[in-house]
Amino acid sequence: MNVPETEREEEKKWVCDIRKEDKKAFKAVYDRYADKVYYLSLKFHLTEEEAKEMVQSVFLTLWEKRAHLQEHLSLNAFLLTITKNRILNLHKRKAVEIAGVRTYLRLRDEACTTTEDYVLFSNMEEHTLRFIDSLPPRNRQIFLLSRKEGLDSDTIARQLNLSKRTVENNIYQAETAIRHFLSRNKVLEKSILFFIAWMGL
């Protein structure tokens, strides 16, 4: 699809202005292309929160690379290429994390569980379940329906008479809070992996 001459000229001016650190030009580019980055991210199965983070990351890269932008650069192609590459990398990292959890669980099953491991996990389980109990009631209820009863977002939404988006947002908020809790408490990496798998995070 050919880009109209007026649009090419507009992009060319934006690129020149951004190279000069013109924040108004940068905002104009953001306003033009942010939704494209966001909806492309959703199309490739990122969550709404991940899609929002992707928009911020992509445009931060544009600003950081401003001095190296070529005059005839297609901003549309540049931004969408960065987005696709980062989506691919994100999915690769997720796959590696999942594979790592599964490998750890398999090795754990094959090895003898030491008293130290058992005590560590038991203590972590106790403290984390207590932390889950301290979550806001709606977060806690939806998270437990999802992770402990295995209900999907549509089923929970119907059961609680909520929108699917509300359900997904509550699950994400609970997951994020639990991960931060584990991180703050400096739990050993292998124990985090095991516990995340056990909790279904």
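What percentage of the 201 residues in the chain is made up of buried residues? Buried residues account for 34%, where buried means under 20% relative accessible area, exposed over 50% and partly exposed in between, with a 1.4 Å probe and protein chains only.

This is a predicted model, in which local features need pLDDT of at least 70 and side-chain atom pairs count only at pLDDT 80 or more, while totals for chains, interfaces and linings use all residues. Residues are numbered from 1 along each chain as its sequence is written, and side-chain values use heavy atoms, with hydrogens and water left out.

**Fold and confidence**

The chain has 9 helices and 0 strands. Helices (H or I, at least four residues) and strands (E, at least two) are DSSP runs, numbered from the N terminus. Of the contacts between residues at least 6 apart in sequence, 66% join residues at least 24 apart. Contact means heavy atoms within 4.5 Å.

pLDDT is the predictor's confidence in each residue, from 0 to 100. The table gives mean values.

| Part | Mean pLDDT |
|---|---|
| Helix α2, highest | 93 |
| Helix α9 (residues 189–199), lowest | 46 |

Over residues 187–201, pLDDT stays under 50. The model still has 36 contacts beyond four places in sequence for residues 187–201. Where pLDDT is low, the predicted coordinates should not be read in detail.

**Core**

A nonpolar core is a set of buried Ala, Val, Leu, Ile, Met, Phe, Trp, Tyr and Cys residues joined through side-chain atoms within 4.5 Å. The largest one has 26 residues. Ile 18, Val 29, Tyr 33, Phe 59, Leu 62, Leu 75 and Leu 79 have the most contacts inside it. Helices α1 (5–19), α2, α3 (48–64) and α4 (75–110) each supply at least two residues of this core. The largest share, 8 residues, comes from α2. Leu 62 touches residues including Ile 18, Phe 26, Val 29 and Leu 79, leaving out those up to four places away in sequence.

**α2 against α3**

The axes of α2 and α3 come within 9 Å and cross at roughly 145°. Axes are lines fitted to C-alpha atoms, for helices over the stretch in contact, and angles run from 0 to 180 degrees between N-to-C directions. The residues making the contact include Val 29, Tyr 33 and Ser 41 of α2 and Ala 51, Met 54 and Leu 62 of α3.

Ser 41 lies in α2 (residues 23–43). Ser 41 counts as buried because its relative accessibility is 0%. Beyond its neighbours within four places in sequence, Ser 41 contacts Leu 46, Ala 51, Met 54, Thr 83 and Ile 87.
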